[in-house]
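Please read the following points with the structure open beside the text. They treat a ligand site, a sheet and a pair of helices in turn.

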Amino acid sequence: MVDRTGTPLVELRDISIAFGGIKAVDHVTVDLYPGEVVGLLGHNGAGKSTLIKCLSGAYQKDSGQILINGQEVEIKDPRDARAQNIETIYQTLALADNVDAASNLFLGREIVNKWGFLDDAQMEAETSKIMGRLNPNFKKFNVPVSALSGGQRQSVAIARAVYFNAKILIMDEPTAALGPHETQMVAELIQELKAQGLGIFLIEHDIHNVMKLCDRASVMKNGQLVGTVDVNEVTDDDILGMIILGKKPAHLAA
Ligand SMILES: Nc1ncnc2c1ncn2[C@@H]1O[C@H](COP(=O)(O)OP(=O)(O)O)[C@@H](O)[C@H]1O
Ligand SMILES: [Mg+2]
């Protein structure tokens, strides 16, 4: 069980973003606690990606507040997000295809030795250490990541985030392109990250994955928040009803 008595890791309060006349996100409030996975659900165009992009620094909110550990922060660009230990795992993974896992893990943040040369041995050792923790079955250290499966690529991207101290992970449909076995692998990775106390916002369409992976689900429709529910207190159909009808089931409506 996730402890939600303390201060949330992330609070997105009353966030609004419009594009032209379209209210992509309309006064939405969601939060996330350490060790928690909060699913963001809703039809295409509901505003899920836009909402999390204001946390990742890809977009700037028009109004509302972002609090990290109870403190209001300004996130103007992805660097500001990274400074708050927020990392995003994109659906189309931003990996360099022609180099190996270690090179990807340290891409742009390479370890150099005291003479200023790349310390390959050190980077490989760090890579095998963190991959051993996150994905013990991973063996393909010396091949370009283009030769890896979708799930293995996912684990490299997650290792990269975790190595650089991510506390808050944003995952936009991480299992969308994966088969059942690979989806299971990503599910296990998410469990491991939770156990380490990370908080994860997970955009996910598959209701079975939502029920399996998420602690709470926040449903959006037409830019607005329909509601947030504890997945242990609802059925698949309750959540699907929220997505389709845009309201909470009668037995949960306040
Ligand atoms: N950069 C943008 N410019 C204009 N409209 C956008 C932009 N990004 C998103 N939108 C619009 O905002 C709304 C929400 O989109 P999005 O957040 O991508 O939804 P979801 O991720 O739930 O599918 C949609 O109407 C979409 O067309
Ligand atoms: Mg989206």
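1. A helix, as the word is used here, is a DSSP run of H or I with at least four residues, and helices are numbered from the N terminus. The model under discussion is predicted.

2. Ligand 1 is surrounded by Phe19, Ile22, Ala24, Gly42, Asn44, Gly45, Ala46, Gly47, Lys48, Ser49 and Thr50. Strand S2 and helix H1 each supply at least two residues of this shell. Sorted by class, the shell comprises 4 nonpolar, 6 polar and 1 charged residues.

3. Strand S2 also belongs to a sheet. This sheet is open and is built from 4 strands in the order S2-S1-S4-S5, with antiparallel pairing. Its edge strands are S2 (22-32) and S5 (71-73), each of which pairs on one side only. On average, and with direction ignored, neighbouring strands of the sheet are turned by 30° against each other. Helix H1 (residues 48-56) packs on the sheet and touches S1 (10-19), S2 and S4. The direction of H1 makes about 115° with that of S1.

4. S1 and S2 run antiparallel and are joined by 7 bridges; Val10 has Leu32 in S2 as its bridge partner. The two strands form a hairpin with 2 residues between them, and Gly20 in the turn has a positive phi of about 60°. S4 (residues 63-68) and S5 are likewise antiparallel, joined by 3 bridges, and Ile68 stands opposite Gln71 in S5.

5. Two packed helices are described by the angle between their axes and the distance between the axes. The axes of H5 (residues 150-163) and H6 (residues 180-195) come within 8 Å and cross at roughly 15°. Angles under 35 degrees count as roughly parallel, and H5 and H6 are therefore roughly parallel to each other. Their crossing is right-handed.

6. Which residues of H5 and H6 meet? From H5 come Gly150, Gly151, Gln154, Ser155, Ile158 and Val162, and from H6 come Glu182, Met185, Val186, Leu189 and Leu193. By class, this contact has 6 nonpolar, 4 polar and 1 charged residues.

Terms used
Residues numbered from 1 in each chain as written. Chains lettered and ligands numbered in written order. Predicted model: local features only at pLDDT ≥ 70, side-chain atom pairs only at ≥ 80, totals over all residues. Axes fitted to C-alpha atoms, helices over the stretch in contact; angles between N-to-C directions. Parallel < 35°, antiparallel > 145°, perpendicular 65-115°, else oblique. Left-handed = near helix turned anticlockwise from the far one by under 90°. Contact = placed C-beta atoms within 7 Å. Nonpolar A, V, L, I, M, F, W, Y, C, P; charged D, E, K, R; others polar. Pairing = 2+ DSSP bridges. Near = placed C-beta within 6 Å.
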